[in-house]
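Thanks for coming, everyone. Please bring the model up on your screens. I'll start with one term, then go to the rings and the helices.

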Amino acid sequence: MENLPLYIPLVMGLSTFYCVYFLAKAAPAYSVSILLVAFSWLILHSFLSVNGFYTHTQATPPRFLLAVLPPLLLILLVFSTKKGRSLIDQLDMKSLILLHVARVPVEMVLFWLFLYKQVPLIMTFEGQNFDVFSGITALVVYYLAYVKQRIGTGILLMWNFICLILLINVVSTAVLSAPFSFQQFAFEQPNVAVLHFPFVWLPACVVPIVLFSHLAMIRRLMNE
């Protein structure tokens with residue numbers, strides 16, 4: 001991916017750091033631990049992707065499980081333990097909402113990657129990816145809920161469910177467009193960007209943080 005302009009990986013990197021920062025900001029009592037775990041995870045996958053670990057797409061089991069499975073198991077652990085649920089109940093909702101603003105530059109990155117034939121059109125906002133809605137509306141929801149205080153729990157819940165559905169849509173499209181044995185879409189231009197640095201950070205870090213944020217907010221709002 002040497003031919004990509006510098007601004008594309010730069011925006012991807014900054015978007016990732018933005019997500020990590022706001023996740024840590026949402027949990028001040030655990031911020032140091034979150035930062036240490038997140039940056040260690042990012043460094044690990046930087047090393048693996050730079051050395052071509054994920055480009056061996058026909059390995060069994062798929063090597064890409066190393067990028068996506070541990071964060072999902074960690075989310076499950078947080079929600080299934082008393083200490084984890086206690087952490088969720090201490091999270092700052094404002095920071096969790098602002099975290100989603102990162103989805104706007106991430107969508108721009110996906111569009112640029114499409115222009116450079118690294119992801120299929122279906123994964124962009126010109127295809128079947130409407131996740132940019134989540135990033136654009138995050139600031140509006142934050143303003144109306146916490147500055148003007150004009151929307152309540154019901155609207156916040158609805159926004160989280162809609163954005164969660166949009167996230168699931170783009171993630172499933174990305175997975176089924178990747179050059180694995182179960183690929184279903186985009187055979188003419190597979191999703192290969194996520195096999196490389198720093199775009200592997202998207203499924204390995206950004207998506208799990210966004211997913212956790214929605215699930216945490218839904219839990220908090222439903223318990224109010």
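Buried means under 20% relative accessible area, exposed means over 50%, and partly exposed lies in between, with a 1.4 Å probe and protein chains only. Before I use that, a word on the source. This is a predicted model, where local features need pLDDT of at least 70, side-chain atom pairs count only at pLDDT 80 or more, and totals for chains, interfaces and linings use all residues. Residues are numbered from 1 along each chain as its sequence is written, and side-chain values use heavy atoms, with hydrogens and water left out.

Now, phenylalanine 17. Its relative accessibility is 34%, so phenylalanine 17 is partly exposed. Tryptophan 201 has 7%, so it counts as buried.

Next, the rings. How many aromatic pairs does the structure hold? There are 13 aromatic pairs. Rings of Phe, Tyr and Trp (its six-membered ring) pair if their centres lie within 6.5 Å; planes under 30 degrees apart are stacked, over 60 edge-to-face, and the rest tilted. Phenylalanine 17 and tryptophan 201 make a tilted pair, 5.7 Å centre to centre with 50° between the planes. This pair links distant parts of the chain, 184 residues apart: phenylalanine 17 sits in helix α1 (residues 7-26), tryptophan 201 in helix α9 (residues 201-222). Helices here are DSSP runs (H or I, at least four residues), numbered from the N terminus. Phe17, Phe39, Phe197 and Trp201 form one aromatic cluster.

On to the helices. Axes are lines fitted to C-alpha atoms over the stretch in contact, and angles run from 0 to 180 degrees between N-to-C directions. Look at α2 (residues 31-50) and α3 (residues 65-80). Their axes come within 11 Å and cross at roughly 165°. That makes α2 roughly antiparallel to α3, a label for angles over 145 degrees. Which residues make the contact? Trp41, His45 and Leu48 of α2 meet Leu66, Ala67, Pro70 and Pro71 of α3. Contact means heavy atoms within 4.5 Å. Six of these residues are nonpolar, one is polar and none is charged. Nonpolar covers Ala, Val, Leu, Ile, Met, Phe, Trp, Tyr, Cys and Pro; charged covers Asp, Glu, Lys and Arg; the others, Gly among them, are polar.

Last, α6 and α7. They pack at about 150°, with axes 7 Å apart. α6 and α7 are therefore roughly antiparallel too. Arg103, Val104 and Glu107 in α6 meet Val132, Ser134, Gly135 and Ile136 in α7. That contact divides into three nonpolar, two polar and two charged residues.

Technical notes:
Helix = DSSP H or I, 4+ residues; strand = E, 2+ residues; numbered from the N terminus. Parallel < 35°, antiparallel > 145°, perpendicular 65-115°, else oblique.
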